[in-house]
Amino acid sequence: MEDVVLLKGREQFVRQKGERHQTLPISCGAESVAGCVSQRACVYCGARVVLNPVADALHLVHGPIGCASYTWDIRGSLNSGKSLYREGFSTDLREKDIIFGGETKLAAALDELIPKYQPPVVFVYSTCVVGIIGDDLDAVCKAAAEKYGVPVLPVQSSGFVGTKSIGYQTACDVLFKLIEPPTTKLLLRRRPVINYLGDFNLAGEAWIIRSYLKKIGIDVNVVFTGDSRYEEIRRAANAELNIIQCAGSMFYLAQKLEEAYHIPFMQVSFLGVEDTADSLRKIARFTNDPGIIRRTEEVIAAELRRVMPDISGYRTALSGKKAAVYVGGGFKAISLIRQFREIGMEVVMVGTQTGRREDYEIIGDIANDGTIILDDANPAELERFMLTQGADLLVGGVKERPLAYKLGIAFVDHNHDRKHPLAGFEGAVNFAHEVYTTICSPVWNAVKGGVVRGDL
Ligand code: SF4
């Protein structure tokens, strides 16, 4: 890392693990350095990620049409019922609206959309320009809610007011407003009931986890917010436990539910064989039910018998290869370090958009010496560190894919626009298969021959 020059102001956000290297804690959770083209998304995007999988809601973006391009097509969450969330609605603010105000246009949009689609709930997202011109979103939403008798909730998510994490919190506050006090008498239930937080049901992953839990005797009350509906969210307080997959987006809501309704929470990960088995065991132990604990071991043993021959085969082919990781949340990064070890690979660079201090402490503990750890990276940093660390593969999202390909490095999409599940035992096999097929593709022989790397 000594040879790499960082932009001024970025020094505290990049570390290299190892005795000879810096050991100071990494900075995180701060606003991006001004003028630096960060890979991180904006506040609005953070709010949209969390709320968009509410499948029967009407999602209206109050702003220019460009912000609304961030919709179902690139969020990918699957659902099993009504699918209004797949429609993209925007007030399409133009120059005239910015000069004279957009409130009239917003009210007109709600007047058109609510009678036509009759949604049980409406989310109205504010964007940068709305924050600048000062439209009174609260007042317009309140008037529409009274007029039509449905909740019309303002999502105050002007992109420039903070980090993507602020968008997550804003969305959690909106969800919390929908949740009603518990009504079910928990003691009368025959099976434990839990909420699953921070799974977006990409390629049906929440369904996979729900099926494991069902087999071991636990019911899922609501998934926040993969394949969820307004009525389910209202009942969320009727659960004995909240499990959190994506801590970056849902830790805050879990804390609020614990404070308000005394529902305990635990962090889990269903990425990789080891983390999936450990998480199921943690949930089973919480129930303190010998039958559930026994069935959990049976499910894990059966799944391991099924998937380990495939995983071992990929491990043989991939041993010694090096991976770079740049993902949204810290807990996913931690899981990926473990998951790459399962398939014989070393992670040489790991970064996140919204990792928390606790996440970076764990990453610092489990990463190998020499690993580059970075928060809120920019393309120049990712490029340099992938090359200096000799990465064979980058795991990231839609914004990182072209960067990897231009460098002649294999790529695996671990974000919202992929089409196959990567969670659970079957997801672990899919992941290993995808890593194998991309790293071992003959195309890299041609590219690494000099076309791209030779020009750098
Ligand atoms: S809210 Fe602002 S930063 Fe976010 S997409 Fe829209 S214009 Fe861009």
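Predicted model: local features only at pLDDT ≥ 70, side-chain atom pairs only at ≥ 80, totals over all residues.
Reader: Okay, and is Val 121 buried or exposed?

Author: To read that, look at the relative accessible area: under 20% is called buried. Val 121 has a value of 0%, so it counts as buried.

Reader: Which residues does Val 121 touch, if I skip those up to four places away in sequence?

Author: There are Ala 57 and Leu 58, then Pro 151 and Leu 153, and also Leu 178 and Tyr 230. For contrast, take Ser 38, which is 83 residues from Val 121 along the chain: their C-alpha atoms are separated by 33 Å.

Reader: How do I read a nonpolar core?

Author: Here's the general idea: in soluble globular proteins, nonpolar side chains tend to be buried together. In this structure, the largest nonpolar core has 63 residues. Those touching the most other members are Leu 213, Ile 243, Ile 283, Phe 340, Leu 393 and Val 435. Apart from that core lies another, with 39 residues, including Val 49 and Tyr 168.

Reader: What is Leu 213 in contact with, beyond its neighbours within four places in sequence?

Author: Its partners are Ile 194, Ile 218, Val 220, Ile 243, Leu 280 and Ile 283.

Reader: Why is Asp 376 called buried?

Author: Because its relative accessible area is 3%, and buried means under 20%.

Reader: And which peptide bond is cis?

Author: The one from Phe 224 to Thr 225, with omega near -5°. Thr 225 belongs to strand E7 (residues 219-225).

Reader: Zooming out, how many helices and strands does the chain have?

Author: It has 19 helices and 14 strands. Of the 456 residues, 56% count as buried.

Reader: How do I read the radius of gyration?

Author: Compare it with what a compact globule would have. For 456 residues that is near 23 Å, and the chain has 23 Å, so the two agree.

Definitions and conventions:
Residues numbered from 1 in each chain as written. Heavy atoms only, no water. Helix = DSSP H or I, 4+ residues; strand = E, 2+ residues; numbered from the N terminus. Rg over C-alpha atoms; globule rule 2.2 N^0.38 Å. Buried < 20%, exposed > 50% of the residue type's maximum accessible area, 1.4 Å probe, protein only. Contact = heavy atoms within 4.5 Å. Core = buried A, V, L, I, M, F, W, Y, C linked by side-chain atoms within 4.5 Å.
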